[in-house]
Amino acid sequence: MAPVARLRSVVLDCPDPRELAVFYAAVGGGTPVEEDPDWVVLQIPAGPRLAFQRAPGHTPPDWPSADHDSQQFHLDFDAGGTWEEIDAAEEKVLALGARVLDREDYERKDFRVYADPAGHPFCLCRIEQP
C-alpha cells in the first residue's frame with residue numbers, strides 16, 4: 001500500500017526556537033535555519049528534520065508523570081557503544097544546558113534520560129556495535 005504522506009518534520013514547541021535549535025545542533029549536528037523568529041528548522045545529518053516553534057507560555061512535560069503535562073514523545077540519540085562514550089556525551093549535553101531526569105539503573109536500561117533547555121525529554125543511548 002502506498003503511503004498517504006511522507007513525514008516532513010518533528011516539531012517541538014518551546015519558548016525560544018533559536019536557542020533550542022542551537023542546542024540540538026550541538027547534540028546531533030546540522031545548522032539551524034531561522035525561517036522567521038517563531039520557526040527554526042534543523043536538518044540533522046543522516047537523521048530527521050527537527051523544527052522549533054515558538055509557544056508563548058510553553059509548559060514542559062512533567063516526566064515521567066502521565067497524569068499532568070504528560071510526555072508526548074521524546075528523542076533518542078545514539079551516543080556510543082561504551083559507557084565511557086556515554087559519560088563523555090553526558091558531560092557535553094550538560095554543558096550545553098541539559099539536565100538529568102533519570103540515571104537510575106541506567107546500566108541495565110542502556111540509556112540515560114535528560115531534559116533539553118526547554119524541558120523536553122531526550123535520551124542518550126548506548127548502542128553496542130557488532
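Guide: Let me begin with a term: a residue counts as buried when its relative accessible area is under 20%. Please also keep in mind that this is a predicted model.

Visitor: Okay, is Y24 buried or exposed, then?

Guide: Y24 has a relative accessibility of 0%, so it counts as buried.

Visitor: And what about F77, buried or exposed?

Guide: F77 has a relative accessible area of 14%, which is under the 20% limit, and therefore it is buried.

Visitor: How many aromatic pairs are there in the whole structure?

Guide: The search finds 7 aromatic pairs. One of them is F23 with F122, which is edge-to-face, at 5.8 Å centre to centre and with 70° between the planes. This pair links distant parts of the chain, since F23 lies in helix α1 and F122 in strand β8, 99 residues apart. Both F23 and F122 are buried. Y24 and F77 also form a pair, this one stacked, with 6.0 Å between centres and 20° between the planes.

Visitor: Which residues make up the aromatic cluster?

Guide: F23, Y24, F52, F77, Y114 and F122 form one cluster.

Visitor: Switching to the sheet, what is the strand order?

Guide: The 4 strands of this open sheet run in the order β5-β8-β7-β6, with mixed pairing, and the edge strands are β5 and β6. Between β5 and β8, which run parallel, there are 5 bridges, and D76 has C123 in β8 as its bridge partner.

Visitor: Which strands does α1 touch?

Guide: Helix α1 packs on the sheet and touches β5 and β8, its direction making about 35° with that of β5.

Technical notes
Residues are numbered from 1 along each chain as its sequence is written. This is a predicted model: local features need pLDDT of at least 70, side-chain atom pairs count only at pLDDT 80 or more; totals for chains, interfaces and linings use all residues. Side-chain values use heavy atoms; hydrogens and water are left out. Rings of Phe, Tyr and Trp (its six-membered ring) pair if their centres lie within 6.5 Å; planes under 30 degrees apart count as stacked, over 60 as edge-to-face and the rest as tilted. Helices (H or I, at least four residues) and strands (E, at least two) are DSSP runs, numbered from the N terminus. Buried means under 20% relative accessible area, exposed over 50%, partly exposed in between (1.4 Å probe, protein chains only). Two strands pair if DSSP finds at least two bridges between them. Contact means heavy atoms within 4.5 Å. Axes are lines fitted to C-alpha atoms, for helices over the stretch in contact, and angles run from 0 to 180 degrees between N-to-C directions.
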